[in-house]
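Me: I'd like to go through this one with you and ask how the labels get decided. Can you take a look?

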Amino acid sequence: MISNETIEYVGLLAELYLSDEDKEQAKHDISNMINYIDMLKELDSTDVVPMVQTISINNFFRDDIVTNENNTEDTVKNAPDVRENKFAVPATFD
Amino acid sequence: MHNITNYSITELNKKIRNHEISVEELVKETYYFARKQNSKFNCFVSFIDEDLVLLRAKKVQKQIDNGELTSPIAGIPIAIKDNICVKDSLTTCSSKILYNFKPTYNATVIEALENAGAIIFGKTNMDEFAMGSTTETSFFGVTKNPRNSQHVPGGSSGGSAAAVASKACVCALGSDTGGSIRQPASYCGVVGIKPTYGTVSRYGLIAYASSLDQIGPIASNVTDCTVLLDAISAFDNKDSTSIKREDYNFTSALKKDVKGLKIGIPKDYFEDGIDDSVKEAIYDAANVFKENGAIVEEFDLSLVKYAIPAYYIIASAEASSNLARFDGVEYGYRTKEYTSLHDMYKKSRSEGFGAEVKRRIMLGSFVLSSGYYDAYYLKALKTKALIKQAFDEAFKKYDVIISPVAPTTAPKLGESLSDPLKMYLSDIYTISLNLCGLPGISIPCAVDNQGLPIGLQIIANQFNEKDIIRTAYTFEQIRGDFEKISSEENTISN
């Protein structure tokens with residue numbers, strides 16, 4: 001069973017507020033999933049190399065050249081709060 | 001009534017070129033049927049402004065008439081899953097946190113479709129951030145299965161599959177991270193393709209699990225799906241995992257011929273939890289191939305049950321990282337009251353994400369946290385390597401593997417979300433393809449005793465889309481019209 005401390009920590013990492021009810025639900029859900037995914041322990045994977053990418057080619061990299069125009073106005077169009085064409089957020093220090 | 005959206009892409013293309021119908025008329029008709037079916041099944045999250053789209057239709061008509069546009073999809077209206085960015089149009093991922101988001105750029109697939117003359121007209125419903133197998137986790141309400149509205153359409157591309165199945169439109173794009181194109185296609189009785197990882201650009205697809213996500217087509221038949229696949233497949237320097245392939249001409253594989261084709265059936269896919277009707281349908285399909293000259297054999301794939309735990313660890317880990325960007329600063333939902341910047345992030349996220357998304361972000365944060373990383377995340381990557389080896393072995397012997405798409409037909413609405421683990425288990429046959437980067441197609445092969453469609457999955461090795469297309473096309477030619485197979489009481493009302 002997952003402890004209260006672990007759930008608090010997970011909430012912190014996930015950047016989520018969890019009510020007492022949420023915490024109980026999360027404890028229940030994560031514990032269930034952990035019990036289930038623990039079946040992977042049956043597998044002997046001692047000498048297995050972890051596989052991140054299945055397609056055996058390298059990532060494609062391109063030169064870092066700007067190809068688009070300055071579209072600041074478009075970029076801030078979706079922002080919940082904008083001041084002087086910049087994203088506005090609450091002050092982080094006085 | 002035989003409405004215009006009942007025709008295939010190929011037929012409509014011919015009608016447009018013969019001036020039997022104009023692109024404008026086709027677009028108008030599509031809006032009419034899409035709205036009508038949407039009121040019954042809730043397939044769409046939003047429609048793109050009809051007046052603007054009609055202006056584009058006129059322009060496309062001119063370009064077709066003067067020979068500038070020669071693609072078979074020129075003038076064809078296409079619905080787009082709501083996690084694919086369409087410039088200046090709502091793109092919400094069916095989430096409250098993106099309820100008002102209008103991208104400032106097009107996804108590469110949208111550029112490709114528009115360059116070919118296709119008409120983007122609507123955005124389809126989905127599970128929130130593609131996390132779910134039923135389209136019930138959408139912030140904008142559930143989509144209903146057009147074959148039986150008491151049942152789910154599958155997910156996460158449930159809106160796209162239901163739109164095509166209800167003839168709201170001819171074709172749609174979906175995305176597939178663990179089966180999200182193939183499973184709803186199966187539940188709704190339409191065709192869906194998940195391409196080899198890296199074949200279709202992910203640029204502008206709002207990421208769920210980047211190492212597993214692929215965009216793919218959904219349509220009523222194999223030919224239409226393949227025509228769409230041709231149009232969206234290309235190398236893209238905006239996607240660092242995009243692959244330069246030698247040949248994108250998938251339509252050349254549309255041939256009725258399986259003579260000598262070696263087909264494997266994984267015996268261990270048929271052990272637990274599979275409906276008898278599904279099992280029978282797949283073995284019946286195997287017989288069809290045998291009768292037409294294919295060599296069909298059963299084999300042990302092994303490691304089948306380990307795919308789901310490995311998938312949920314990897315997908316959740318990537319999701320927790322990908323979804324960290326949603327914080328109420330640059331776009332989307334921001335909470336009304338907050339005391340500090342950090343409080344604003346946390347409140348916006350807590351109020352903006354739904355239960356299933358939070359569940360996966362938390363699981364992902366957990367498996368990546370220090371002390372658990374090796375035991376879970378690293379172990380999952382090793383399991384993925386072992387599963388890939390098992391498929392590599394299988395493809396030494398077989399050209400394609402056939403299997404069910406899902407262990408059952410579409411469950412009833414409201415039955416799945418109460419037990420997430422049970423819902424996850426329904427992905428058992430589809431997720432290993434994402435883990436291994438393999439291409440797969442879902443094609444309707446039968447109906448169960450309730451008249452609900454059963455899908456056949458055809459799997460090939462990486463880059464061998466042509467094998468699955470040829471196999472599926474051959475099956476479809478022999479099967480005949482699926483709508484006729486679907487029972488009468490189950491006919492979708494127009």
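Me: Where in chain A does A:Glu84 lie?

Reply: Keep in mind that this is a predicted model. A:Glu84 is in the loop between strand 1 (82-83) and strand 2 (86-87) of chain A. Its phi is near 50°, a positive value in a residue other than glycine.

Me: Why is A:Glu84 called exposed?

Reply: The cut-off for exposed is over 50% relative accessible area. A:Glu84 has 71% relative accessibility, so it counts as exposed.

Me: And B:Phe129, what makes it buried or exposed?

Reply: Buried means under 20%. B:Phe129 has a relative accessible area of 2%, so it's buried. You'll find B:Phe129 in the loop between strand 3 and helix 5 of chain B, and its phi is positive too, about 55°, although it is not a glycine.

Me: What else sits in that loop of chain B, between strand 3 (119-124) and helix 5 (158-165)?

Reply: B:Ser156 does. A cis peptide bond, with omega about 15°, joins B:Gly155 and B:Ser156.

Me: OK, helix 1 of chain A. How do you know that its buried residues line one face?

Reply: The buried ones are A:Thr6, A:Ile7, A:Val10, A:Gly11 and A:Ala14. Looking down the axis of helix 1 of chain A, they fall within an arc of 140°, so they line one face. The face turned away from the buried side carries the exposed residues A:Glu5 and A:Leu12.

Me: What covers the buried residues of helix 1 of chain A?

Reply: The cover includes helix 2 (20-37) of chain A, plus helix 10 and helix 11 of chain B.

Me: How many residues does each chain bring to the contact?

Reply: Chain B brings 68 residues and chain A brings 52. About 5400 Å² is buried between them, with carbon and sulfur atoms giving 69% of that area. B:Lys346, B:Met362 and B:Lys379 supply 12% of what chain B buries against chain A, more than any other three residues.

Note on methods:
Residues are numbered from 1 along each chain as its sequence is written. Chains are lettered from A and ligands numbered from 1 in the order in which they are written. This is a predicted model: local features need pLDDT of at least 70, side-chain atom pairs count only at pLDDT 80 or more; totals for chains, interfaces and linings use all residues. Side-chain values use heavy atoms; hydrogens and water are left out. Contact means heavy atoms within 4.5 Å. Buried area is the accessible area (1.4 Å probe) that two parts lose on being put together, summed over both. Buried means under 20% relative accessible area, exposed over 50%, partly exposed in between (1.4 Å probe, protein chains only). Helices (H or I, at least four residues) and strands (E, at least two) are DSSP runs, numbered from the N terminus. The arc is that of the directions from the helix axis to the C-beta atoms.
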